Amino acid sequence: MTRRGSSKGEPATKPVRYTLDLSREQHRFLKRFAFDAETDASVVMRALLAVLQRDKALAQRILSDIEP
């Protein structure tokens, strides 16, 4: 298992596994997207989370979509 640290000198931390249930269509889309990008689906998901973390406008849009 690899340890990941940031380029800002933060200490490396052990990754935490997270399981996500997807519909067949979501799974197919993610796999094809990753395949076309010649990467793994987990890399795509980490990139999405990084964008969500730094893009406050996107975070607000997501919150609007998930709030009841």
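Buried residues account for 7% of the 68 residues in this protein, which is presented here as a predicted model. The protein exposes about 6700 Å², and carbon and sulfur atoms supply 54% of that area. Its secondary structure consists of three helices and zero strands, and the pattern read along the sequence is α-α-α.

The loop between H1 and H2 contains Glu38. The phi angle of Glu38 is near 55°, a positive value in a residue other than glycine. Most residues other than glycine have a negative phi. The relative accessible area of Glu38 is 76%, and because the threshold for exposure is over 50%, Glu38 is classed as exposed.

At the start of H3, a side-chain oxygen of Asp55 reaches to within 3.2 Å of the backbone nitrogen of Ala57. Of the eleven residues of H3, the number buried is one, so this helix lies largely in the open. Leu63 belongs to helix H3. Its relative accessibility is 37%, and Leu63 therefore counts as partly exposed, since that class covers values between the limits of 20% for buried and 50% for exposed residues.

Leu63 also takes part in a nonpolar surface patch of about 430 Å², together with Leu49, Leu52, Ile62 and Ile66. Two helices, H2 (41-54) and H3 (56-66), each supply at least two residues of this patch. The largest share, three residues, comes from H3.

The surface also includes pockets, and the largest pocket has a volume of about 1300 Å³. Of the 30 residues that line this pocket, Tyr18, Ser42, Met45, Arg46 and Leu49 are the closest to its centre. The elements that give two or more residues to the lining are helix H1 (24-36), H2 and H3. Among these contributions, that of H2 is the greatest, with nine residues.

How values were computed: Residues are numbered from 1 along each chain as its sequence is written. This is a predicted model: local features need pLDDT of at least 70, side-chain atom pairs count only at pLDDT 80 or more; totals for chains, interfaces and linings use all residues. Side-chain values use heavy atoms; hydrogens and water are left out. Patches are made of residues with over 30% relative accessible area and no salt bridge: like charges are joined within 9 Å, nonpolar side chains (Val, Leu, Ile, Met, Phe, Trp, Tyr) within 5 Å. Accessible areas come from the Shrake-Rupley method with a 1.4 Å probe; for residues, only the protein chains shown count as cover. A salt bridge is a side-chain nitrogen of Lys or Arg within 4 Å of a carboxyl oxygen of Asp or Glu. Helices (H or I, at least four residues) and strands (E, at least two) are DSSP runs, numbered from the N terminus. Buried means under 20% relative accessible area, exposed over 50%, partly exposed in between (1.4 Å probe, protein chains only). A polar contact is a pair of N or O atoms within 3.5 Å; within protein, one must be able to donate a hydrogen and the other to accept it, and residues adjacent in sequence count only if both atoms are side-chain atoms. On a 1 Å grid over the protein atoms alone, a cavity is a set of points where a 1.4 Å probe fits but cannot get out, and a pocket is an open set with protein on both sides within 12 Å along at least five of seven lines; lining residues have an atom within 4 Å of a point. Grid points are joined across faces, edges and corners, and a volume is the space filled by probe spheres set on the points.
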